[in-house]
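The sequence and structure come first.

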Amino acid sequence: MANKKLEIMTLEQIFTDKTIKAKAKVKQIGEWLLEGTLPIDELLAFSEKQTKPIKGSCIESIEYATKKQPEIADEAVFLFVTNALKEDEPRIKWESAKVIGNIAKLFPSDLSNTINNLLVNAKSDGTVVRWASALALGEILKLKLKYNATLLPKVEKLSDAEEDNGVKNKYLGALKKIKK
């Protein structure tokens, strides 16, 4: 019965319904994106007008969907999450970085601004922001593109300076893969 209810809800309704847990909202919106019942550009437009927590959930829904099907992301999504990396809300930064980790391979010629924004976030006070930035930078490194000439030494330096093992392991995993 609950699923039937979710299928006919609008974005506004799903976010105002207190009976639906946050993770269930994210998953449902992600499923709508995957099914094509919610156009991704509609979600982007909606999220721009929302509070930071709701915008974070919208980006998390995009992360959920792009993890399963990266190609649902178009250039508008890529630019949206690249710009969202500059927001002050940590959750928006880390969810955007995770989306980039999922879709960077689709935009190999447009990664300069994305890399710059990720490098700024890689020095964040927030461990989760650094972890997600390390994940995205690692995925970009693994693409073995022209950016690696300058990105590789920066990532090695970040890895050496990183004190959190979870973040450090994201860098080390990527470095190990590209040196094979």
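## A side chain and a helix pair

In this predicted model, the side chain of asparagine 117 reaches the backbone oxygen of threonine 82 at 2.9 Å; a polar contact is a pair of N or O atoms within 3.5 Å, where within protein one must be able to donate a hydrogen and the other to accept it, and residues adjacent in sequence count only if both atoms are side-chain atoms. The model is predicted, with local features needing pLDDT of at least 70 and side-chain atom pairs counting only at pLDDT 80 or more, while totals for chains, interfaces and linings use all residues. Residues are numbered from 1 along each chain as its sequence is written, and side-chain values use heavy atoms, without hydrogens and water.

Asparagine 117 belongs to helix α8 (residues 112–121); helices are DSSP runs (H or I, at least four residues) numbered from the N terminus. At 13% relative accessibility asparagine 117 counts as buried, a term for under 20% relative accessible area with a 1.4 Å probe, protein chains only. Beyond its neighbours within four places in sequence, asparagine 117 is in contact (heavy atoms within 4.5 Å) with Thr82, Leu85 and Lys86. The buried residues of α8, Asn117 among them, pack against α6 (75–84), α7 (90–103), α9 and α10.

Helices α9 and α10 also pack on each other, at an angle of about 140° with their axes 10 Å apart.

| Helix | Residues | Residues in the α9–α10 contact |
|---|---|---|
| α9 | 127–142 | Leu137, Ile140, Leu141 |
| α10 | 148–161 | Asn148, Leu151, Leu152, Val155, Leu158 |

Terms used
Axes fitted to C-alpha atoms, helices over the stretch in contact; angles between N-to-C directions. Helix = DSSP H or I, 4+ residues; strand = E, 2+ residues; numbered from the N terminus. Buried < 20%, exposed > 50% of the residue type's maximum accessible area, 1.4 Å probe, protein only.
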